[in-house]
Amino acid sequence: MQFIADGILNASLIALGALGLSMTYNVLRFANFAQGEVLAIGAYFALGAVTVIGAGVGVMGPIKFGWPLLVSIPIAIVCTSIVVLMVDYLVFRPLRNSNASRITLIMAAFGLSLMGRNLIHLFAGGDPKYFSFYIPKAIEIMPGVKMVPDDLAIIALSAIAVVSLHLFLKRTNMGRMMRAVSENPTLARINGIDLKMIIRMTWIIGTALAVTAGTLQGHIFQAKAEMGFDMLLPMFAALILGGVGNLYGTVLGALVIGLAESFAVYFDLSAYRAAVSFMIMLAVLLVRPQGLLGERE
Amino acid sequence: MEFLGILSFLIFFLIQASFFSLTSIGLNIQWGFTGLFNVGIAGFFAVGAYTSGIMTGPRYAETWFGGFGLPVPLGFLAALIVTAIVATLIGYITLRLREDFLAISTFGIAVSIQLVANNLDELTRGPEGLYSLPKPLSELSESPLVDNALYLLICVAVIGLVYWAFERILRSPWGRVLRAIREDEHAAMAMGKNVFLFRLQAFVLGSATMGLAGALYANFIGFISPTDFLPIFTIQIFVMVIVGGSGNNLGAIVGSVVMWAVWSASDSLIAAVVSPDFQTQAAAARIVLIGLILVLMLLYRPQGLLPEKHVVSAAGRMKLKGED
Amino acid sequence: MTPINQHKVNNPNNKILEVHNLVAGYIPNLNILHGCSIHVCVGEIVTILGPNGAGKSTLIKAIAGLLNVVEGHIELQGKNITGMETHRLVREGLGYVPQTENVFAKLSVAENLELGAIHHRDTMAETREKLYDLFPDLARFRNLHAGKLSGGQRQMVAVGRALMASPSLLMLDEPSAGLSPKLTQVVFQQLLKIRDSGVTILMVEQNAKAGLQISDRGYVLAEGVDRVTGDAQSLLHNPEVGELYMGGHGKSTMENVVTATTEVSEPSNGGDSA
Ligand SMILES: Nc1ncnc2c1ncn2[C@@H]1O[C@H](COP(=O)(O)OP(=O)(O)OP(=O)(O)O)[C@@H](O)[C@H]1O
Ligand SMILES: [Mg+2]
């Protein structure tokens with residue numbers, strides 16, 4: 001039972017990141033290999049914000065992260081979005097305009113990912129950083145299942161983020177425009193949709209999700225330059241497993257991957273966590289290439 | 001003495017450049033000629049290196065699976081075969097799907113191989129790595145200079161052979177189909193070509209070449225460990241192929257030698273100029289720089305310095321005007 | 001069918017669209033249009049004819065801002081719209097229904113219509129009611145995914161979507177593509193109604209006879225140039241038009257050719273699925 005609880009916590013972080021990945025994948029139409037670094041840079045911005053505000057200032061009941069962490073998330077989202085939009089302007093926009101192939105975009109993202117990781121090394125050093133030095137005190141939520149209150153709060157926060165994203169995409173005009181662009185950009189333009197604006201929005205939403213995931217992950221574990229890169233494979237696996245372009249699929253995929261990873265830890269295979277998600281992804285691709293909930297093209 | 005120093009440095013440099021060259025040729029057949037995107041170059045290189053290491057290395061631990069002490073050529077052969085098998089598995093599953101699934105899967109295989117290299121002690125001996133791997137022909141002479149010169153000859157012979165073979169098959173009808181697929185998949189399909197099979201062949205061929213390069217590397221250096229096969233290696237190969245011009249095997253070799261020279265020079269420069277306190281930062285800055293070179297090349301010289309000889313047909317590039 | 005061309009609005013000073021000497025193409029240095037000029041007056045239905053690959057769709061796309069204009073200029077309601085970004089043209093009153101992929105298949109019919117009105121949110125409900133009156137089927141299907149509809153129904157959604165922006169000029173690329181002759185007549189009758197509700201129409205049509213029957217004027221395009229123009233009736237009987245269609249052989253008029261071309265021409269080709 002305990003590993004299910006751990007798996008859900010893990011899954012909620014993977015889901016946030018994978019949903020961010022799926023935004024760029026669907027609207028911008030390429031696999032953003034630099035998404036991990038968006039996550040990591042966001043965590044470092046949040047760390048900076050928490051440090052400035054003062055960690056541990058506003059402890060809220062049993063939850064240790066308090067309001068400074070919650071405040072640091074939007075701050076980090078804004079800062080990271082600025083970076084991401086600048087990179088889009090300097091790198092991806094010119095590539096789009098020259099009708100570069102999807103492969104070129106992926107390759108550029110891969111290069112940017114390497115740059116991002118090493119820029120963190122350069123500016124923040126190679127050692128892991130901690131948001132706070134609290135000792136988590138687990139409470140028993142069910143017989144035999146213990147969880148840290150912070151972790152429960154994180155699962156709740158992720159669930160809120162997923163539901164908001166769903167409502168945004170289904171119910172708002174902007175969400176509908178995004179779905180339109182992801183299906184047929186030319187027809188979307190003909191309808192009067194400003195593609196540049198939608199692309200910016202997509203980056204911002206994808207960044208917001210990644211930064212939230214990164215900050216929460218940094219809080220429960222630690223922040224380090226590779227934190228996002230290490231998440232990249234589980235995120236891709238969740239995305240593909242669930243069926244690209246299907247929101248629920250991505251969440252389901254994240255759940256499967258999260259549980260599988262904590263299963264691996266349970267069986268003392270923690271070293272192979274990332275490989276486990278990859279194997280599951282390959283197995284699913286073999287029998288159901290469109291993913292669990294995806295539609296056949 | 002001075003002259004011998006330079007000569008031995010030059011030989012050492014060229015041997016290393018030849019590992020990169022061979023890997024670049026492997027990537028070129030995948031990416032340059034067929035349009036397949038492999039993000040796991042370091043992984044395939046590692047598979048080749050470890051396979052040869054396991055086959056040819058001495059048995060220094062009872063718990064270790066490897067250490068068969070086989071002759072080096074057999075190690076190379078095994079490296080080719082094992083990499084080909086891994087590539088076939090990956091390719092078979094993902095090459096029918098969207099092109100970026102291949103990228104993600106090759107990335108996944110590289111990450112997984114890295115994990116195996118680090119953790120599966122029984123096979124890879126973990127972070128400790130494999131050492132004392134035999135170097136072919138080294139028993140012929142006492143002098144390391146001669147040793148290396150002989151090894152360089154082996155490398156040049158292998159590259160020459162691979163280059164010659166690839167040039168031949170790429171000019172054959174098979175190679176023309178590959179290019180047709182890259183330019184227009186649907187047209188190639190309409191011509192009745194089994195696009196999937198052609199892609200799979202190109203992918204396996206390229207990956208096996210990378211594996212062979214890994215084996216050459218392992219048996220030259222004599223010592224391999226997981227840190228030899230990081231994503232930076234993949235980026236370096238990209239840059240080399242792009243600098244040389246994708247779709248051009250000679251370009252891949254030239255790009256490899258040039259970029260390896262730049263890399264080695266910057267190594268010495270950092271060692272000489274940067275104070276020891278800042279060496280790690282300098283190393284990080286250099287990696288940032290190589291990423292930057294890749295991005296800048298993609299932006300400003302996507303066709304590379306030595307572009308492909310055959311003009312890319314306009315049909316492959318036609319699209320509606322971009323969004324701004 | 002009775003001839004439609006009674007109402008005389010063909011006042012050359014009242015041009016809603018004027019395309020002058022347009023040179024454009026998909027890739028640099030490979031132009032498809034080589035100096036094409038057409039105009040449309042307020043209240044007209046104008047049909048563009050021409051053999052496959054003549055550049056008809058290309059002309060429409062260029063007007064819609066989807067291609068780089070190399071030379072020439074385009075005026076919509078007296079305003080120069082040359083090089084204007086596609087998404088701005090909706091607000092200038094231009095509606096466009098492409099030849100293929102003209103609905104969002106994964107979205108519901110209602111959502112498709114709403115997307116048509118993103119710049120007209122205030123009048124959306126009202127326009128939608130009018131639209132449902134015109135195409136009662138749309139109301140019935142509003143919760144279905146557009147991809148699940150038949151070709152004709154989809155065409156209706158596409159036209160409806162464009163009308164949701166209350167365009168002054170509606171451009172249709174082969175509205176009858178893939179439709180049965182009977183359904184074609186239905187769609188064309190609806191186009192007449194749309195015109196009568198105050199929307200000027202410029203369309204591309206393979207089915208020359210049916211198209212000209214509801215049109216006021218027409219143009220025949222060949223090799224990227226407007227070769228013949230005139231009012232609809234005269235085009236039907238113009239032997240030059242027949243020659244353009246048949247590639248310069250024979251001395252047939254449009255009426256004879258039409259039967260020939262409609263038999264051989266495929267419904268909707270994939271020429272512009274970019
Ligand atoms: N997306 C594109 N990219 C490049 N060239 C194109 C593209 N679409 C069309 N063309 C070329 O432009 C020329 C004119 O095509 P266009 O689609 O305008 O013809 P059309 O008159 O609409 O023909 P049809 O009656 O078959 O629809 C053709 O030679 C075609 O090959
Ligand atoms: Mg057309």
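This is a predicted model: local features need pLDDT of at least 70, side-chain atom pairs count only at pLDDT 80 or more; totals for chains, interfaces and linings use all residues.
R195(C) makes a side-chain to side-chain polar contact with D196(C), at 3.0 Å. The arginine belongs to helix α7 of chain C, which covers residues 181–196. Is R195(C) buried or exposed? With a relative accessible area of 6%, R195(C) is buried.

Because R195(C) sits in helix α7 while D216(C) sits in the loop between α8 (208–214) and β9 (217–222) of chain C, the pair ties together parts 21 residues apart in sequence. D216(C) is buried as well, at 9% relative accessible area.

**Stop 1: the magnesium ion**

Stay in chain C and select ligand 2. Which residues coordinate the magnesium ion? They are S57(C), through OG, and Q99(C), through OE1, at 1.9 to 2.3 Å. Colour by secondary structure here: S57(C) is in helix α1 (residues 56–63) of chain C, and Q99(C) is in the loop between β6 (94–97) and α3 (109–116) of chain C. The two are 42 residues apart, and the pair links distant parts of the chain. Both S57(C) and Q99(C) are buried.

**Stop 2: where chain A meets chain C**

Next, show chains A and C together. Here 18 residues of chain A are in contact with 23 residues of chain C. The two chains bury about 1,900 Å² between them, and carbon and sulfur atoms give 57% of that area. To see where chain A loses the most area to chain C, pick E183(A), I190(A) and N191(A), which together make up 33% of what that side buries.

For the polar side of this interface, look for ten residue pairs in polar contact, with both residues at pLDDT 80 or more. Helices α6 (173–183) and α7 (185–190) of chain A each supply at least two residues of the side that touches chain C. Which helix gives the most to that side? It is α6(A), with six residues. Sorted by class, the side of chain A that touches chain C has six nonpolar, five polar and seven charged residues.

There are four salt bridges between chain A and chain C. Select R176(A) and E114(C) to view one of them, at 2.7 Å from N to O. Side chains of opposite charge can pair when their charged atoms come close.

**Stop 3: N184(A)**

Move to N184(A), in the loop between α6 and α7 of chain A. N184(A) is buried, with a relative accessible area of 9%. What does N184(A) contact, leaving aside its neighbours within four places in sequence? The partners are R29(A), E101(C) and F104(C). Draw a distance from the N184(A) side chain to the backbone oxygen of E101(C): a polar atom of that side chain lies 3.2 Å away.

**Stop 4**

The salt-bridge count between chain A and chain B is two, and R102(A) with D100(B) is a salt bridge to select, at 3.9 Å from N to O.

Over all chains, the count comes to 23 salt bridges. In chain A, select K224(A) and D230(A), whose side chains meet at 3.7 Å, N to O. K224(A) is partly exposed at 27% relative accessible area, and D230(A) is partly exposed at 42%. In chain C, finish with K15(C) and E18(C), a salt bridge of 3.5 Å from N to O. E18(C) is partly exposed, at 25%, and K15(C) is partly exposed too, at 29%.

Conventions:
Residues are numbered from 1 along each chain as its sequence is written. Chains are lettered from A and ligands numbered from 1 in the order in which they are written. Side-chain values use heavy atoms; hydrogens and water are left out. Contact means heavy atoms within 4.5 Å. Buried area is the accessible area (1.4 Å probe) that two parts lose on being put together, summed over both. A polar contact is a pair of N or O atoms within 3.5 Å; within protein, one must be able to donate a hydrogen and the other to accept it, and residues adjacent in sequence count only if both atoms are side-chain atoms. Helices (H or I, at least four residues) and strands (E, at least two) are DSSP runs, numbered from the N terminus. Ala, Val, Leu, Ile, Met, Phe, Trp, Tyr, Cys and Pro count as nonpolar, Asp, Glu, Lys and Arg as charged, and the others, Gly among them, as polar. Donors are N, O and S atoms within 2.8 Å of the metal (3.2 Å for Na, K and Ca); water is not among the atoms, so sites may look incomplete. Buried means under 20% relative accessible area, exposed over 50%, partly exposed in between (1.4 Å probe, protein chains only).
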